[in-house]
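This briefing looks at ring pairs, charged side chains, helix packing and backbone geometry. Please keep the sequence and the model in view while reading.

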Amino acid sequence: MHEVTFERYEGQEAGAQLDAFLPTYEEVYVEPPYCEGPRDVAEFIDRYRLQAKRPRMRLVLAREGDGVIGFTFGYFLPADTRWWSNLQEPLSADFTREDGTRTYVIIELAVRKEWRRRGVAAHLHATLVEGLDAERVTLTMRTEPTAAPAQSAYAAWGYRKVGVSHPWAEAPFYDVMVLQLPTG
């Protein structure tokens, strides 16, 4: 067994890593509660290519040897974001105000099944948010019982629920979570 290493990529370097972690994405997201198929994967690829062009995009890969065993990525919410607009109960304008530097959003965080509960996700998360000059981090998580390990991890890392999002008609409901980052 090899040592697990973590690599952080920013900007264009992050965009160039899609082929490295796509097999991990496909393996993780075929499982419940996601149950994604080929069409979902194709849509993810298209979204990732656009997201990778966002300012201050960051990707972290966890590797064992040459294989990617986990990944996470995100970027800063732009001033014109629609991130907060899908909440079932709106939050205050002050809370949802964005300026491109206030809130970092984690889009995905995934670890292959055989590597779960070994601290890989926590290390991916810590490496992703390390050194961010942001007030807070946000993410959404599934609410199904099969997502309980992720729900427990986010709570242990200090996230709190601020609302429920329903981003499009066929989408499931997601809990919207926020982690306040230390200032200074």
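The model is a predicted one, in which local features need pLDDT of at least 70 and side-chain atom pairs count only at pLDDT 80 or more, while totals for chains, interfaces and linings use all residues. Residues are numbered from 1 along each chain as its sequence is written, and side-chain values use heavy atoms, with hydrogens and water left out. Helices (H or I, at least four residues) and strands (E, at least two) are DSSP runs, numbered from the N terminus. The structure holds eleven salt bridges, each being a side-chain nitrogen of Lys or Arg within 4 Å of a carboxyl oxygen of Asp or Glu.

**Aromatic rings**

- Rings of Phe, Tyr and Trp (its six-membered ring) are taken as a pair if their centres lie within 6.5 Å, with planes under 30 degrees apart called stacked, over 60 edge-to-face and the rest tilted.
- By this rule the count comes to 16 aromatic pairs; one of them, between Tyr25 and Tyr29, is stacked, with 4.4 Å centre to centre and 25 degrees between the planes.
- Both Tyr25 and Tyr29 belong to helix α2 (residues 18-29), where they are four residues apart, about one turn of the helix.
- Accessibility is described as buried under 20% relative accessible area, exposed over 50% and partly exposed in between (1.4 Å probe, protein chains only); Tyr25 is buried at 1%, and Tyr29 is buried at 6%.
- Tyr25 and Tyr29 also belong to a cluster linked by ring pairs, whose other members are Phe21, Tyr34, Phe44, Tyr48, Phe71 and Phe73.

**Charges over rings**

- A charge is said to sit over a ring if NZ of Lys or CZ of Arg is within 6 Å of the ring centre and within 35 degrees of the ring normal.
- The charged end of Arg118 is placed over the ring of Trp115, 4.5 Å from its centre, and Arg136 lies over the face of Phe95, at 4.5 Å from that ring centre.

- Side chains of opposite charge can pair when their charged atoms come close.
- Arg63 and Glu7 form a salt bridge in which the closest N and O atoms are 2.8 Å apart; this pair links distant parts of the chain, with Arg63 in strand β2 (residues 58-64) and Glu7 in strand β1 (residues 4-10), 56 residues apart.
- Within that pair, Arg63 counts as buried at 14% relative accessibility, whereas Glu7 counts as partly exposed at 24%.
- Arg58 and Glu10 form a salt bridge with the closest N and O atoms 3.1 Å apart; since Arg58 lies in strand β2 and Glu10 in strand β1, the pair ties together parts that are 48 residues apart in sequence.
- Arg58 counts as buried at 8% relative accessibility, and Glu10 counts as partly exposed at 37%.
- Arg39 and Glu43 meet in a salt bridge (3.2 Å, N to O), and the two residues are four apart in helix α3 (residues 38-51), a separation of about one helical turn.
- Arg39 is exposed, at a relative accessible area of 64%, while Glu43 is partly exposed at 33%.
- Salt bridges that share partners bring Arg8, Glu10, Arg58 and Glu130 into one network.

**Packing of α2 and α3**

- The axes of α2 and α3 come within 12 Å and cross at roughly 145 degrees; axes are lines fitted to C-alpha atoms, for helices over the stretch in contact, and angles run from 0 to 180 degrees between N-to-C directions.
- This crossing of α2 and α3 is right-handed; a crossing is left-handed if the near helix is turned anticlockwise from the far one by less than a right angle, and right-handed if clockwise.
- Leu18, Phe21, Leu22, Tyr25 and Glu26 in α2 meet Val41, Phe44, Ile45, Arg47, Tyr48 and Arg49 in α3, where contact means heavy atoms within 4.5 Å.

**Backbone geometry**

- Most residues other than glycine have a negative phi, and most peptide bonds are trans.
- Pro32 and Pro33 are joined by a cis peptide bond with omega about 10 degrees, and Pro33 is found in the loop between α2 and α3.
- Arg56, in the loop between α3 and β2, has a positive phi near 65 degrees and is partly exposed, with a relative accessible area of 42%.
- Arg117, in the loop between β4 (103-111) and α5 (120-129), has a positive phi near 65 degrees and is exposed, with a relative accessible area of 70%.
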